[in-house]
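The sequence and the structure are shown first.

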Number of protein chains: 2
Amino acid sequence: MAKVYPGQNLSQEDIIEMLARRQIQPTQQRIRIAEVLFARRQHLSADQVLALVNDGPVHVSKATVYNTLGLFAEKGLVRQVIVDPSRVFYDPNTEEHHHFYNVDTGALTDIDADSLALAGLPELPAGTVSDGVDIIIRIREQVPGRDRAGG
Amino acid sequence: MAKVYPGQNLSQEDIIEMLARRQIQPTQQRIRIAEVLFARRQHLSADQVLALVNDGPVHVSKATVYNTLGLFAEKGLVRQVIVDPSRVFYDPNTEEHHHFYNVDTGALTDIDADSLALAGLPELPAGTVSDGVDIIIRIREQVPGRDRAGG
DNA sequence: GTCAGTGCAAACCCTTTGCAGAAAG
DNA sequence: CTTTCTGCAAAGGGTTTGCACTGAC
């Protein structure tokens, strides 16, 4: 059986199968939201998903977008990326990787796990287990003159 | 009479000097907020700062707490820690270090920079400069049985 | 006296919730 | 037909803002 990986050109059937594999009932709205996320392989906020989804023929309400993104995250279909206090991004790439976050533009970019390794994990606090490691490299636009002293 | 908090060791004069060094006018409220932050050396949310500050003799309004924390962050006196979409934490430790974030309890703990280094930074996107690296190790409570399959 | 800082409450924005109607199986 | 999902709008919670008063120098 051909396994379906996020990022491929996905048919509607692929998406239904992807949802089914995660025990998610494939409604029209959920299929549409998954399409938007996996077709673009981008980091999208709920608001952006809402806009993109309603660019198409299927109408989806704000509540359903939030509920669905939460469900997808819970089921491990997407990953929440928390870099900005004002909104959550949803990342269709669930493989291990990290992020650049441009604080000026809000752009979020993947960093391949291979090009950024940790020099050993510290001992976890007693009675806890790891739930994932997030590495965020905050970047800003290089403005001529802003690097120099003064201001 | 001012309450004495556990771990408090900075005199009011120390704090005034610390503020002056960052070009921050030392008002009563700012001194009080700095006291709360630096006496405990904990990660506190704005809401927690508000509660702790008003536990003492100086009254500080919510707006002033938010304004002051924002000012402190801007002036480099504290650092914002973004690990939870619902609130920002303020970290009085501005030395290079990283964090454990307990997703079950909300507890935020420092990781010494020495015990967790990156094996080389990847190339930054063109036209950008680094603005800092955040490493967050998400942890959860080790619940007997939850580690094994069949949850 | 002047200017910056503070306080109050309302505004804001993202997100969640309650419940009736609609869709899925 | 029963259960689950969706949509609407209002509620919720952290954060910001406008403006008059207060405090710092």
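In this predicted model, 16 residue pairs are in polar contact between chain A and chain B, both residues of each pair being at pLDDT 80 or more. Three strands of chain A, namely E2 (79-84), E4 (97-102) and E6 (128-141), each contribute at least two residues to the side of chain A that touches chain B. E6(A) gives the largest share of that side, 14 residues. Sorted by class, the side of chain A that touches chain B comprises 21 nonpolar, 8 polar and 8 charged residues.

**The interface between the protein chains**

The size of an interface is often given as the accessible area lost when the parts come together. Between chain A and chain B the buried area is about 3200 Å², and carbon and sulfur atoms give 63% of it. On the side of chain A, the residues that lose the most area to chain B are A:Ile82, A:Val129 and A:Arg138, which together make up 19% of what that side buries. In terms of residues, the contact draws 37 from chain A and 37 from chain B.

Strand pairing also links the two chains. E6(A) pairs with strand E6 (residues 128-141) of chain B in the antiparallel sense, over 11 bridges. Within this pairing, A:Asp134 has B:Ile136 of E6(B) as its bridge partner. Charged side chains meet across the interface as well, where 4 salt bridges are found. One of them joins A:Asp131 to B:Arg140, with 3.5 Å between the closest N and O atoms.

**DNA strand C**

Around DNA strand C there are 18 residues, of which A:Tyr66, B:Thr27, B:His59, B:Ser61 and B:Thr64 come nearest. Of the atoms of DNA strand C that come within 4 Å of the protein, 79% belong to sugar and phosphate. Two or more residues of the surface near DNA strand C come from each of helix H4 (62-74) and strand E3 (87-91) in chain A, and helix H2 (28-40) and helix H4 (62-74) in chain B. H4(A) provides the largest share of this surface, 4 residues. The surface near DNA strand C divides into 6 nonpolar, 9 polar and 3 charged residues.

**DNA strand D**

DNA strand D likewise has 18 residues around it, and A:Thr27, A:His59, A:Ser61, A:Thr64 and B:Tyr66 come nearest. Sugar or phosphate accounts for 85% of the atoms of DNA strand D within 4 Å of the protein, and bases for the rest. The elements that each supply at least two residues of the surface near DNA strand D are helix H2 (28-40) and H4 of chain A, with H4 and strand E3 (87-91) of chain B. Here the largest share, 4 residues, belongs to H4(B). By class, this surface has 6 nonpolar, 9 polar and 3 charged residues.

| Protein atom | DNA atom | Distance |
|---|---|---|
| A:Ser86, backbone N or O | DNA strand C, sugar or linking oxygen | 3.5 Å |
| A:Thr27, polar side-chain atom | DNA strand D, phosphate oxygen | 2.5 Å |
| B:Ser86, backbone N or O | DNA strand D, sugar or linking oxygen | 3.5 Å |
| B:Val88, polar backbone atom | DNA strand D, phosphate oxygen | 3.1 Å |

Terms used: Residues numbered from 1 in each chain as written. Chains lettered and ligands numbered in written order. Predicted model: local features only at pLDDT ≥ 70, side-chain atom pairs only at ≥ 80, totals over all residues. Heavy atoms only, no water. Contact = heavy atoms within 4.5 Å. Buried area = accessible area lost by both parts, 1.4 Å probe. Polar contact = N/O pair within 3.5 Å; in protein donor to acceptor, adjacent residues only side chain to side chain. Nonpolar A, V, L, I, M, F, W, Y, C, P; charged D, E, K, R; others polar. Pairing = 2+ DSSP bridges. Near = heavy atom within 4 Å.
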